[in-house]
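Work through the exercises below with the sequence and the model at hand, and compare each of your steps with the solution that follows it.

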Amino acid sequence: MISRRAWVATTVFAPLVRGFAQSSNEIQVSLRLDQPGATISRHIYGQFIEHLGGVIYDGIWVGPDSKVPNVRGIRQAFIDAMKAIQVPNFRWPGGCFADEYHWRDGIGPREQRPRTYNMWQANYPDRDKGVEPHQFGTHEFIDLCRLTGAEPYLAANVGSGSPREFHEWVLYCNAPEGTVSLADLRVRNGAREPFNVRYWGVGNESWGCGGNFKPEEYATEYRRFVTQYPNAYGRAFFIAAGPNGGAPDGHLSWTRRFFAAMQEHGPRLFPDGWALHYYTGPRRAGKHPRRSPERYYDILEAGLRMNWLIEEHWKVMGEYDREHRTKLVVDEWGVWQPRQEQQVLGPRYVLSQHGYLRDALHAALTLDIFNHHAEKLAMCNVAQTINCLHSLFAASGDQFVRLPTYYVFEMYMPHMDAQALPLQMEAGSFAASAGEQTVQLPRLAGSASRKQSSALVTLVNPHLQESIRVRLECTGGAVREARGRVLTHEDPFVETELGKPEAVRPTSLAVEVNRSGSGLTFEVPAHAVVAVELRLG
Ligand code: AHR
């Protein structure tokens, strides 16, 4: 029997390491249906929304008086699309904004809320330059979560806030009516039932915009924030601000020094989650046009670094926390385009980018990596859900469009809360120019999972020209039926634009199942994501 560790390696990355290539375009893939591994938390499929450009204002919040269809001010189309993919959580209000956010500014009658400073809006070309209007606050956020079925994940302000402000936010959210005065204030503001927030981030990027702390200093702050947490109203899942995965060494020193500083106090105070951030920008193909093969391969290959980051940080954490009490939380990940390719929706839509099929492939490769590391990951959040960076949607006024990445979340939905299955393939790798360098990419990558009598296999073919014939051999169970879907487009660089029909949508994929239910064959086209759902006998 192959160990879990080994199959992770053989499945996605060993082909890169070994570098052997097959000449034929057929790849044999083996799936063990009877070896369910770790549960893939649905929270791995989480979202991140920040008060940044057009994410909240216009993206999600249109206001109750808007002509845009809405529920109590929240864009209806957004609610519907999020429900359709069973969104498990939203992280809010930042990001960097979390460390300048004071929650009291965002409660009470909306017309009386203050206008405060928001550094993300500093380049606005109009009278809202630098302004945060606070029309979307804690109540509106919880409303969004309830309307979509998502769990709230709030990021507390460490950079410019205090433990007291944090604890009072917790009391405001979670204390039942008639207990502390802040609970009654919440009731007067229209919410009788507590919000029952369990996930609390303690700062954000505390090595950078969250205060420029040293890891030891942040460890001290972290302890101050969590020590007197008011746990009479429910236990928290604390998420501490982890490393910048984009740093050349993966920022392993931030992880090492934080846990070393925490160790003096014993594992009791270790956080539940350790937040790793990793954005993929073009590293070697910046001079190439945005719709070039070089940029495409550069981004996809750079995204694979996520696997290394998870493994290395996990190892370092294990040096201090042998039982791995603390899990990893990748609460910001995605593609980050260069400056000259942002604000594509207009100057107020800070960090808005084009949504390409390439980004959908990047998301699929990333989610497959997450599935392989299910036992290490408590949560992950794509940055950001709408109008910003690696988005699932673009929206402006009454226009709203799903970007290709949305459909990856839709196709991967059955992985949520399923058990990871061993998927083995000797796919080999291919070489591609990423501008200044040649990179190796797997010819095929993927993951699989099982929930009761159904299983899901998801696969990515990153090659721009070559399609692959997959022979999937299933052992430990028989397949009764299979349903395939594929996400691709004849033009790999097609742009999805607001006001135009969605350029990229999944279509059905023919899958042949042999008589015994042990073998399946199907085609994975070039530059495509495939999902095959299996009904087991
Ligand atoms: O997602 C945009 C920004 O990227 C976030 O505010 C910050 O945490 C990160 O640097």
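**Exercise 1: a salt bridge and its neighbour**

Task: characterise the contact between Arg-402 and Glu-502, whose closest N and O atoms are 3.9 Å apart.

Solution. The model is predicted, so that local features need pLDDT of at least 70 and side-chain atom pairs count only at pLDDT 80 or more, while totals for chains, interfaces and linings use all residues. Residues are numbered from 1 along each chain as its sequence is written, and side-chain values use heavy atoms, with hydrogens and water left out.

Step 1: the contact is a salt bridge, that is, a side-chain nitrogen of Lys or Arg within 4 Å of a carboxyl oxygen of Asp or Glu.
Step 2: Arg-402 lies in strand 16 (residues 399–402) and Glu-502 in the loop between strand 25 (495–496) and strand 26 (507–509), 100 residues apart; strands are DSSP runs of E with at least two residues, and helices runs of H or I with at least four, numbered from the N terminus.
Step 3: Arg-402 counts as partly exposed because its relative accessibility is 23%, where buried means under 20% relative accessible area, exposed over 50% and partly exposed in between (1.4 Å probe, protein chains only).
Step 4: Glu-502 also forms a salt bridge with Arg-505, at 3.5 Å between the closest N and O atoms.

**Exercise 2: a second pair**

Task: locate the partners of the salt bridge between Arg-485 and Glu-410.

Solution. Step 1: the N to O distance is 2.8 Å.
Step 2: Arg-485 belongs to strand 24 (residues 479–487) and Glu-410 to helix 11 (residues 404–412), 75 residues apart.
Step 3: Glu-410 counts as buried because its relative accessibility is 19%.
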